[in-house]
Amino acid sequence: MSNAFEVNFDGLVGPTHNYSGLSYGNVASTGNQNAVSNPKLAAKQGLAKMKALHDLGFKQGVLAPHERPDVASLRRLGFSGSDAQVVERAAKEAPAILAAASSASCMWTANAATVSPSGDTADGRVHFTPANLNNKFHRSIEHPTTRRILQAMFANQERFVVHEALPAQMHFGDEGAANHTRFCDRYDGAGVEFFVFGASAFDTRYPKPAKFPARQTLEACQAVARLHGLKEEGVVYAQQDPDTIDAGVFHNDVISVGNRNVLFHHEKSFLHQGEVLAELDRKLAAVGGKFIAIEVPQAEVTVDEAVKSYLFNSQLLSKPDGGMIIVVPEECRNIERVWAYLEKLKASGGPINEVRVFDLKQSMQNGGGPACLRLRVALSEAEIAAVNPRVMMSEALFGTLNAWVDKHYRDRLAPEDLGDPQLLLECRTALDELTRIMGLGSVYPFQLG
């Protein structure tokens, strides 16, 4: 291995974690609409995963949640009065809009941004482009705060660039790293960046899904590649199979996952799959890597089973001995054929030789597994040293954040609770303290006035 690492920055679940069923196309999200959530347990489940991976020797950071309800968005939609009155009026007149403005969806930081490491970019800096998440209102309001938080974490402008989000409309719909994977031989070497899109906004030659929306456009992928200064020979674009999107695979990270030179994917992942794999193989070989594709047949695990278990919404982590750990949710163990496949994979003699299972039920019920909860950033030792150190997981930070959750979070949140003005006060009080804990400065609207 080299002196560079893939650092996982997991989203800390926010105090308003709830089940409003806002994500059309995400089967788990809509299927659990109006269930009662447990924000405290959700945050602790996420923290436990972060700490476990930190204890295994992996570099682990934390991304802060957002202020919710988003009163500024509610004001832009015509609700007026004091902040408390805005919330109360929205709850009475437009509870669906209040639910969207209260979503804790920023916890799924795979959608926070697309990241290109310094080994790939023209200026030798790490580039971040926050995702505009234009397809869903409740997510489209995230990117301004996401950008401020990323700027507070990666403030050294000699090492890092945090761009603005792409234009916030359908032609440039961008869902971030959930549709992006980077392949490489070493984390600090040149790599091949793999952009997966659901449809093209301008080119009618590309098919579209019939039932659910294609959230990522080809044009957004191309724009991010240009912003990051990527070379054509270091980029591969692939279209997700439209039928697979219609089966509930709303992001590519629900049907495939990659790490270093390995792509673990389903038989039904991409259109023209053979050509896509051949291009990845050819371009990775050109930068000194040997591409390995592990394809799961439909006969062994169906797309439906993949969606229910989130087998592919997993993390692949490189071990010092050269093997890889696959981090999966508890739901994989509960589906017999999926667990049988994982046992077979572990014993196959291939690169993935260890399985780690985590209980992430609170997140899973809203449609987000291990991969949704983390943003991957490949960093050299010097770049890690330039990251705000107070966002990096440690024994001390783990204890502090657990105590912070115990102090500020509710253990029960029903849909009708979103109209309680006290919830907004609780959220702001918690986040004000969190910015001091994590050394973020003023990043939230209520702090900026």
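Here are some friendly notes on this predicted model, going from the overall fold to a few local details.

1. Overall make-up. The protein has 18 helices and 15 strands. Its radius of gyration is 21 Å, close to the 22 Å that the globule rule gives for 449 residues, so the protein is as compact as a globular protein of that length.

2. Of the 449 residues, 60% count as buried. The protein exposes about 16700 Å², and carbon and sulfur atoms supply 50% of that area. Among contacts with a separation of 6 or more, 75% are between residues 24 or more positions apart.

3. Two packed helices are described by the angle between their axes and the distance between the axes. Here the axes of helix α2 (residues 39-55) and helix α16 (residues 395-408) come within 10 Å and cross at roughly 175°. Angles over 145 degrees count as roughly antiparallel, and that makes α2 roughly antiparallel to α16.

4. Who meets whom in that pair. On the α2 side, the contact involves Lys-40, Ala-43, Lys-44, Leu-47, Ala-48, Lys-51 and His-54. Their partners in α16 are Glu-395, Phe-398, Leu-401, Asn-402, Val-405 and Asp-406. By class, the contact has 6 nonpolar, 2 polar and 5 charged residues. As a reminder when you look at the spacing of these positions, an α-helix has 3.6 residues a turn, so residues three or four places apart point the same way.

5. Helix α8. Is this helix enclosed or open to the outside? In α8 (residues 218-227), 7 of the 10 residues are buried, so the helix is largely enclosed by the rest of the structure. The buried ones are Leu-218, Glu-219, Ala-220, Cys-221, Ala-223, Val-224 and Ala-225, and Glu-219 in that list is a charged residue. These buried residues pack against strands β3 (113-116), β4, β7 (191-197) and β8 (235-239). After α8 comes Gly-229, with a positive phi near 70°.

6. Ala-101 and its surroundings. Ala-101 sits in helix α5 (residues 95-101) and counts as buried, at 0% relative accessibility. Leaving aside neighbours within four places in sequence, Ala-101 is in contact with Arg-68, Pro-69, Asp-70, Leu-74 and Ile-141. For a sense of scale, the C-alpha atoms of Ala-101 and Glu-395 are separated by 33 Å, with the two residues 294 apart along the chain.

7. A cis peptide bond. Most residues other than glycine have a negative phi, and most peptide bonds are trans. The bond from Arg-68 to Pro-69, however, is cis, with omega near -5°. Pro-69 belongs to the loop between β2 (60-63) and α3 (71-76), and both Arg-68 and Pro-69 are among the contacts of Ala-101.

8. Which loop holds Leu-133? Leu-133 is in the loop between β4 (126-130) and α6 (137-140), where its phi is positive, about 50°, although it is not a glycine. Leu-133 is buried, with a relative accessible area of 1%. Tyr-310, in the loop between α11 (303-309) and β12 (315-318), also is not a glycine and has a positive phi of about 55°. At 3% relative accessibility, Tyr-310 counts as buried.

How values were computed. Residues are numbered from 1 along each chain as its sequence is written. This is a predicted model: local features need pLDDT of at least 70, side-chain atom pairs count only at pLDDT 80 or more; totals for chains, interfaces and linings use all residues. Side-chain values use heavy atoms; hydrogens and water are left out. Axes are lines fitted to C-alpha atoms, for helices over the stretch in contact, and angles run from 0 to 180 degrees between N-to-C directions. Helices (H or I, at least four residues) and strands (E, at least two) are DSSP runs, numbered from the N terminus. Angles under 35 degrees count as roughly parallel, over 145 as roughly antiparallel, 65 to 115 as roughly perpendicular and the rest as oblique. Contact means heavy atoms within 4.5 Å. The radius of gyration is taken over C-alpha atoms; the globule rule is 2.2 Å times the number of residues to the power 0.38. Buried means under 20% relative accessible area, exposed over 50%, partly exposed in between (1.4 Å probe, protein chains only). Accessible areas come from the Shrake-Rupley method with a 1.4 Å probe; for residues, only the protein chains shown count as cover.
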